[in-house]
Amino acid sequence: MKSSISDKTGTGTRLSNFWKRKSEYSYWLYRFKWNYYPSLRILNCAPLHVDIEVTDACNLRCIMCIHGLGGVTDVGFIDRALAVKAIDQCSELGVYSIKFNFRGEPLLHPDIAYFVRYAKEKNIMEVQFNTNGLPISKQGIEELIDAGLDRIIFSVDGANKETYERIRVGGNFDRLLGNIDTFLDIKRDKCLKRPFIRVQMVKYYGAEDEADQFIDYWTNKKVDNIAIIQKQDRENKEGYPLKDGKRPTGRTFCEQPWQRLNVNRDGKVLMCCGDWDRKVIVGDLSEQTLREIWKSRRLKSLRSKISKGMLDKIPSCKNCFRPTTYRWD
């Protein structure tokens, strides 16, 4: 009998990650702060993690994404100078982690390998991004690995071509598998531990019954991490998220404003990665520093409301798609 999904993708991968990173004390300090500071209402002197949106453009129109839902119409790329400014400030503040994406596909930016290399040169501990894994060549893959990329997260929704290409509209399943194989091959040929390669599948419509098949395939490929994620109803139009078809009964705490900041490609700063429509802008990197924004009265007031469970009073939080910010029966 096969193990349960939670056994294969929960405890197993946590133990695997622990073994692979057991000597990395700074990483475990970072994860301790990430997991426990928010619940204790301890505000670190700087954000623990910063998302830098290198582009809000995407090559796909996935059925659950803001691009597939028609929510982004004016797209572009971050200016190199602005990205460098953000990375410099992260380095000065001692930010542990940078992720080079938000609402777009980071591999579309021609300078993505440069940004990774620069961030590593500035001593950012973990440099990473999520990707659909398609718009890149073998040369581009090698450049990213040589730049020092620490972690790459591939979105592979489905265990077969039919399911994947129905969910990830415009995608090419065979090309994606080939690109992931190339990452694995180059990493192996160079005898490298990095980047950590994670593949994840969200249980969207039609993919719910493919989890075991997905896990078996990628276990045989020996990727570093495999995740099965519950569907988030981002496409729900009734003003609230759903969980297994049920309505929430109330709101609860959200940890993100104690963990991260999100720098958009135009320099506008958000307090979380769930504000796809940019309803609550907490700062502007062209006018303020990340330190000023992190310690601002604006964010202090928002954190106070969130601590009191007043998420419905904050535009970006009111209809948040993250189920962890709701109470459920």
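This is a predicted model: local features need pLDDT of at least 70, side-chain atom pairs count only at pLDDT 80 or more; totals for chains, interfaces and linings use all residues.
Asp 284 and Lys 268 pair up in a salt bridge, with their closest N and O atoms 3.3 Å apart. Overall, the protein has eleven helices and eleven strands, and buried residues account for 53% of its 329 residues.

**Salt bridges**

- For the pair we opened with, Asp 284 is buried at 9% relative accessible area, while Lys 268 comes out partly exposed at 26%.
- Some salt bridges share partners, and in this way Glu 24, Lys 120, Asp 150 and Arg 194 are joined into one network.
- Searching the whole structure turns up 21 salt bridges.
- One of them is between Arg 103 and Glu 53, where the closest N and O atoms are 3.2 Å apart.
- Arg 103 is in the loop between strand 2 (97-99) and helix 4, and Glu 53 is in the loop between strand 1 and helix 3, so this pair ties together parts that are 50 residues apart in sequence.
- Arg 103 and Glu 53 are both buried.
- Asp 111 and Arg 80 also meet through their side chains, at 3.1 Å from N to O.
- Here again distant parts of the chain are linked: Asp 111 belongs to the loop between strand 2 and helix 4, Arg 80 belongs to helix 3, and the two are 31 residues apart.
- Asp 111 counts as buried at 18% relative accessibility, whereas Arg 80 is partly exposed at 36%.

**Aromatic pairs**

- The whole structure holds 14 aromatic pairs.
- Take Tyr 27 and Trp 28: their ring centres are 5.1 Å apart and their planes sit at 85°, so the pair is edge-to-face.
- Tyr 27 is buried, at 12% relative accessible area, but Trp 28 is partly exposed at 29%.
- Tyr 164 and Phe 173 make a tilted pair, because their planes are at 45°, with ring centres 5.4 Å apart.
- Both of those residues, Tyr 164 and Phe 173, are buried.
- There is also an aromatic cluster, made up of Tyr 27, Trp 28, Tyr 30, Trp 34 and Tyr 96.

- Helix 4 covers residues 112-121, and its buried residues include Ile 112, Ala 113, Phe 115, Val 116, Tyr 118 and Ala 119.
- A handy reminder for reading that list: an α-helix has 3.6 residues a turn, so residues three or four places apart point the same way.
- The cover over the buried residues of helix 4 includes helix 3 (80-93), strand 3 (126-131) and helix 5 (138-147).
- Just past the end of helix 4, Asn 123 adopts a positive phi of about 65°.

**Cysteines**

- How many disulfides are there? The count is zero.
- For Cys 273, the closest cysteine sulfur is the one in Cys 272, and at 5.9 Å it is too far for a bond; the cut-off for a disulfide is 2.5 Å.
- Cys 273 is partly exposed, with 25% relative accessible area.
- Cys 90, on the other hand, counts as buried at 0% relative accessibility.

**Surface**

- The protein exposes about 15,500 Å², and carbon and sulfur atoms supply 49% of that area.
- Leu 29, Phe 32, Tyr 36, Leu 40 and Ile 42 make a nonpolar surface patch of about 490 Å².

- Looking at contacts between residues at least 6 apart in sequence, 72% join residues at least 24 apart.
- Asp 79 and Arg 265 give an example of sequence distance versus space: they are 186 residues apart in sequence, yet their C-alpha atoms are 7.5 Å apart.
- Asp 79 is in the loop between strand 1 (49-52) and helix 3, and at 47% relative accessibility it counts as partly exposed.

Definitions and conventions
Residues are numbered from 1 along each chain as its sequence is written. Side-chain values use heavy atoms; hydrogens and water are left out. Buried means under 20% relative accessible area, exposed over 50%, partly exposed in between (1.4 Å probe, protein chains only). Patches are made of residues with over 30% relative accessible area and no salt bridge: like charges are joined within 9 Å, nonpolar side chains (Val, Leu, Ile, Met, Phe, Trp, Tyr) within 5 Å. Accessible areas come from the Shrake-Rupley method with a 1.4 Å probe; for residues, only the protein chains shown count as cover. A salt bridge is a side-chain nitrogen of Lys or Arg within 4 Å of a carboxyl oxygen of Asp or Glu. Helices (H or I, at least four residues) and strands (E, at least two) are DSSP runs, numbered from the N terminus. Contact means heavy atoms within 4.5 Å. Rings of Phe, Tyr and Trp (its six-membered ring) pair if their centres lie within 6.5 Å; planes under 30 degrees apart count as stacked, over 60 as edge-to-face and the rest as tilted.
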